[in-house]
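Please examine the sequence and the structure shown here.

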Amino acid sequence: MLGARGRMGSEAVQAVRRTEGLQLVAELGREDSLQALVAAGAEVVVDLTVPSATEANVRFAVQHGMHCVVGTTGWDAERLDRLEALLAEHPGVGVLVAPNFSVGAVLAMRFSAQAARFFESVEIVELHHPDKVDAPSGTAARTAALVGQARRAAGVAPSPDATEQDPGGARGALVEDVRVHSVRLRGLVAHQETLLGGVGEQLTIRHDSFDRISFMTGVVLGVREVGSHQGLTHGLEGYLDLGL
Ligand SMILES: NC(=O)c1ccc[n+]([C@@H]2O[C@H](COP(=O)([O-])OP(=O)(O)OC[C@H]3O[C@@H](n4cnc5c(N)ncnc54)[C@H](O)[C@@H]3O)[C@@H](O)[C@H]2O)c1
Ligand SMILES: O=C(O)C1=N[C@H](C(=O)O)CCC1
């Protein structure tokens, strides 16, 4: 477990400990050497660290033949491409990069993509605890990418927007032609709304993680499954039969 003393890592340590058939062999933090993974004989590495460290961590694990379950954010298209190239040199190794481990969030992303082409406007609001270091959230970036792809594939124009002046960035970030707004508020854990607007109607697809326990079923599923999914899987849905 990398990032074992963090908010997610400490919860995941407990989840692995209470899961029959899994053995936790190493709990590493920022100061620890990755060589400890090799010394401990780790078969699967779980990365719950920080965007600036995750790529090097995963590359080390893959180069040493260890499968990886990655929940850390920051995996943009360039990083994913580099990882796929590395995995091609290490057949037999599997990596799951999951922007969100909660089943509800995975479904909300999928539902957002399904609905995206039926509405003239779509914007995403993500709301998280104020200790989060990155914005927009990985989940929002992934949702925007899926929504943007679905709209482009269906020939839907970008959402209309008459804004001419926005010196402070009040209209949010533009991710794949979709506006994303990031709220940071004490008391929150992880929440997201996809707002879809048409003439005279609105559909809101909302997901709330009230507790980090909501991510643990996905983490454990990832650890159990990653060894039988060679190469890169982007999104927990790759291990789920969503039936959609
Ligand atoms: N995929 C998901 O479902 C999901 C859910 C929650 C959080 N996250 C993501 O997981 C990451 C961690 O979130 P958090 O809230 O636990 O953050 P956190 O800051 O509480 O924990 C990160 C931990 O990683 C440690 N760390 C930093 N660099 C390291 C390194 N090189 N090696 C080992 N440990 C290192 C830090 O010291 C810290 O203890 C973030 O990117 C967050 O967005 C993903
Ligand atoms: O708490 C966080 O940080 C979270 N990070 C992920 C993201 O950025 O989408 C998943 C939700 C919680």
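Leaving out its neighbours within four places in sequence, T139 is in contact with P99, N100, M109 and Q192, where contact means heavy atoms within 4.5 Å. T139 lies in helix α6; helices are DSSP runs (H or I, at least four residues), and strands are runs of E of at least two, numbered from the N terminus. T139 counts as buried because its relative accessibility is 10%; buried means under 20% relative accessible area, exposed over 50%, and partly exposed in between (1.4 Å probe, protein chains only).

The unreviewed UniProt entry lists H129, G138 and T139 under "binding site"; such annotations may be inferred rather than shown by experiment. H129 sits in the loop between β4 (121-128) and α6 (138-153), and at 11% relative accessibility it is buried. Not counting residues up to four places away in sequence, H129 touches R7, R184, L185, L188, V189 and R212.

## G227

The loop between α7 and β9 (231-234) holds G227. Because its relative accessibility is 40%, G227 counts as partly exposed. G227 and G94 are 133 residues apart in sequence, yet 5.8 Å apart in space, C-alpha to C-alpha.

## Basis of the model

This is a predicted model, in which local features need pLDDT of at least 70 and side-chain atom pairs count only at pLDDT 80 or more, while totals for chains, interfaces and linings use all residues. Residues are numbered from 1 along each chain as its sequence is written, chains are lettered from A and ligands numbered from 1 in the order in which they are written, and side-chain values use heavy atoms, without hydrogens and water.
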